[in-house]
Amino acid sequence: MSVRTVIERGPKGRKAVAFAVDWPGWSRGAKTPDLALTMLESYRGAGMAKEFDAAGPLDVVEDRVGTGSTDFWGISFSPSRSEQGSMGAIEMDRKIKLLRACWTFFDGVAARVSAEMRKGPRGGGRDRDRIIRHTIRTESEDFAKRVGLRIPEEGALAPDALAAYRKAYVAAMRSYNRGEGKRMQSWTLPFLIRHSAFHVMDHAWEMEDKDLSGEAQA
């Protein structure tokens, strides 16, 4: 089967994003749509080879204009036509499984990279622990609120607390998919899962790109 792919262009045409609708976490941005597609393909096996490599060729099913954040960050910040309404049980289970795989990959990268990160424009020179804190706090204290889950400030940072939070986040998403709770205004549940997975993978890849472990050994 082909990979349903969406092109999202910034309103001013400064950047574009390509993402796989059915593969949460698989999303890349660049200066042009063609470059974004090339980047997306190049990340097919980047840490999630077992999941992504089994997929077929990219197939663009939608070419849309995103928000101003698309131009600024090169990131998708709104749901596509394919990410509307509730999901069936099979689709929901599959996307949650992929989100969990993204969490596992992120945790594995965080455990093996150097504490100090290579300096550069991406991330403003943050070290490993700051990237970890940012990733977990943004998801637990911002994204999770959209499905009614309230986590205290820094409440998910401890290892045992992180596992409990993730379990609660999945439970909250399942409840939302059943129609419970206040509805999101501009986001949808499929987009929330995709954005959560992307955020985790993007920062995992950032840590890999900036890892100094190999240089230290050399």
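Which loop holds A115? A115 is found in the loop that joins α4 to α5; helices (H or I, at least four residues) and strands (E, at least two) are DSSP runs, numbered from the N terminus.

## Basis of the model

The model is predicted: local features need pLDDT of at least 70, side-chain atom pairs count only at pLDDT 80 or more, and totals for chains, interfaces and linings use all residues. Residues are numbered from 1 along each chain as its sequence is written, and side-chain values use heavy atoms, with hydrogens and water left out.

A115 counts as partly exposed because its relative accessibility is 41%; buried means under 20% relative accessible area, exposed over 50%, and partly exposed in between (1.4 Å probe, protein chains only). Not counting residues up to four places away in sequence, A115 touches D127 and R128, where contact means heavy atoms within 4.5 Å. The C-alpha atoms of A115 and A197 are separated by 23 Å, and these residues stand 82 apart along the chain.

E154 lies in the loop between α5 and α6. Its relative accessible area is 37%, so E154 is partly exposed. Although E154 is not a glycine, it has a positive phi of about 65°. Most residues other than glycine have a negative phi.

## The nonpolar core

The largest nonpolar core has 52 residues. Such a core is a set of buried Ala, Val, Leu, Ile, Met, Phe, Trp, Tyr and Cys residues joined through side-chain atoms within 4.5 Å. V147, Y169, M173, L189, L192 and M207 touch the most other members. At least two residues of this core come from each of β1 (3-9), β2 (16-20), α1 (33-42), α4 (89-112), α5 (128-141), α6 (159-177) and α7 (189-210). In soluble globular proteins, nonpolar side chains tend to be buried together.

Leaving out residues up to four places away in sequence, M173 touches M92, I96, L99, V147, L189, L192 and I193. Helix α7 is mostly covered, with 20 of its 22 residues buried. From its first C-alpha to its last, α7 reaches 32 Å, close to the 32 Å expected at 1.5 Å a residue; the expected span is 1.5 Å times one less than the number of residues.

## A buried lysine

K95 is placed in helix α4. With a relative accessible area of 1%, K95 is buried. Apart from neighbours within four places in sequence, K95 is in contact with V21, D22, P24, M87, P190 and I193.

## Cavity and pocket

On a 1 Å grid over the protein atoms alone, a cavity is a set of points where a 1.4 Å probe fits but cannot get out, and a pocket is an open set with protein on both sides within 12 Å along at least five of seven lines; lining residues have an atom within 4 Å of a point. The count comes to 1 cavity of 30 Å³ or more. The largest cavity holds about 40 Å³ of space, and its lining consists of W103, F106, T135, I136, E139, L162, R166 and V200. Helices α4, α5 and α6 are the elements that give two or more residues to this lining, and α5 provides the largest share, 3 residues.

The second largest pocket contains about 210 Å³ of space. Its lining comprises 16 residues, of which K145, R146, V147, G148 and K182 lie nearest its centre.

Notes:
Points joined across faces, edges and corners; volume = space filled by probe spheres on them.
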